[in-house]
Amino acid sequence: MPAITLTTLQSLKQKGEKITMLTCYDATFSHACNQAGVEVLLVGDSLGMVLQGHDSTLPVTTADMAYHVACVKRGNEDAMILADLPFMANATLEQTLNNSAKLMQAGAHMVKVEGAVWLSESIRLLTERGIPVCAHMGLTPQTVNVLGGYKVQGRNEAQARQMRADAIALEQAGAAMLLLECVPSELAKEITHAVNIPVIGIGAGSDTDGQVLVLHDMLGLSLTGRAPKFVKNFMAGQPDIQSALSAYVTEVKAVTFPGTEHGFSA
């Protein structure tokens with residue numbers, strides 16, 4: 001397939017074709033995801049849990065992220081590489097710019113930052129300097145200690161109203177994409193329709209412009225043995241990993257995944 005760009009993703013949103021995204025941390029899986037037609041590879045700070053064995057994403061450093069971005073780049077052909085700015089890597093504007101530059105130089109095409117409307121200044125700064133930004137809203141794992149655990153966000157009307165307003169403000173600040181995690185399906189649908197940029201969901205229903213899952217989760221691998229509600233094991237019934245990756249792409253494109261059982265209500 002031709003190289004995936006922001007223009008590609010915008011076109012998919014306008015056509016109503018779902019965007020496929022998976023986390024990826026190395027060259028081998030980067031190649032496999034490319035073969036399956038995955039459009040966006042997210043080098044997520046989730047690597048702190050699934051690769052490094054930590055109980056949260058907080059110990060992950062920018063150096064860790066840059067290393068894995070470089071690994072993914074070596075196996076990549078046409079997919080877009082999206083890289084997380086890890087915990088406290090964007091505490092100041094200067095840190096945000098410097099750490100984002102490191103990830104882009106390692107091979108990322110876009111960076112992802114967790115937060116809400118307070119990110120606007122950072123997003124504006126990065127965009128002006130040629131670094132596209134994906135804003136991660138809803139359940140933001142880096143702030144799990146403030147949120148009081150891994151809980152669905154936006155369930156009451158005040159939260160939902162604020163999240164809708166924040167999404168619009170972040171687009172206006174220059175965000176090129178939104179990621180909504182653990183947000184009620186109806187709210188995610190409203191936000192997707194309220195903004196012009198692509199919206200990717202994880203535990204946010206089927207009406208977002210695309211879907212993302214953690215690679216290890218969708219392959220049925222878990223250190224805890226407990227998969228989140230929004231996860232489907234795509235290895236079930238498949239002869240090999242490549243087939244499981246292809247099944248994921250097929251089901252997201254056909255809007256058979258996620259089902260209602262994978263989403264949350266208000």
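Hi everyone, let's start with Glu-181, which the UniProt annotation "active site", from an unreviewed entry, covers. UniProt positions here follow the numbering used for this model, with shortened feature names, and such annotations may be inferred rather than shown by experiment. What we have is a predicted model, so local features need pLDDT of at least 70 and side-chain atom pairs count only at pLDDT 80 or more, while totals for chains, interfaces and linings use all residues. Residues are numbered from 1 along each chain as its sequence is written, and side-chain values use heavy atoms, with hydrogens and water left out.

Back to the glutamate. Glu-181 sits in strand β6, residues 177–181. Strands (E, at least two residues) and helices (H or I, at least four) are DSSP runs numbered from the N terminus. Is Glu-181 buried or exposed? Its relative accessibility is 11%, so Glu-181 counts as buried. With a 1.4 Å probe and protein chains only, buried means under 20% relative accessible area, exposed means over 50%, and partly exposed is in between. Leaving out residues up to four places away in sequence, Glu-181 touches His-136, Met-137, Gly-138, Leu-139, Pro-141 and Ile-202; a contact is heavy atoms within 4.5 Å.

Now the fold around it. Eight strands close into a barrel, in the order β1-β2-β3-β4-β5-β6-β7-β8, with parallel pairing. Neighbouring strands of this sheet are turned by 25° against each other on average, direction ignored. Two strands pair if DSSP finds at least two bridges between them. For β6 and β7 (residues 199–202), there are four bridges in the parallel sense, and Leu-178 stands opposite Val-199 in β7.

Helix α8, residues 157–173, lies across β5 (133–138) and β6, and runs at about 175° to β5. Helix α11, residues 241–253, lies across β1 (19–23) and β8 (210–213), at about 145° to β1. For those angles, axes are lines fitted to C-alpha atoms, for helices over the stretch in contact, and angles run from 0 to 180 degrees between N-to-C directions.

On to the second annotated spot. UniProt, again in an unreviewed entry, places the feature "binding site" at Asp-45, Ser-46, Asp-84 and Lys-112. These span 68 residues in sequence, yet no two of their C-alpha atoms are more than 12.6 Å apart, so they gather at one spot. Asp-45 is in the loop between β2 (40–43) and α3 (47–50), and is buried at 4% relative accessibility. Lys-112 belongs to strand β4, residues 110–114, and is buried too, with a relative accessible area of 3%.

How much of β3 is buried? Five of its five residues are. Met-80, Leu-82 and Asp-84 point one way from β3, with Ile-81 and Ala-83 pointing the other way. Parallel to β2, β3 is joined to it by four bridges, and Leu-41 has Ile-81 as its bridge partner. With β4, β3 pairs in the parallel sense over three bridges, where Ala-83 stands opposite Val-111.

Next, empty space. Rolling a probe the size of a water molecule over the atoms shows where empty space is left.

Last, some backbone details. Most residues other than glycine have a negative phi, and most peptide bonds are trans. Phe-257 and Pro-258 are joined by a cis peptide bond, with omega about 0°, and Pro-258 lies in the segment after α11. Val-255, also in the segment after α11, has a positive phi near 60° and is partly exposed at 41% relative accessibility. Met-88 has a positive phi of about 65°, in the loop between β3 (80–84) and α5 (93–106). Thanks, everyone!
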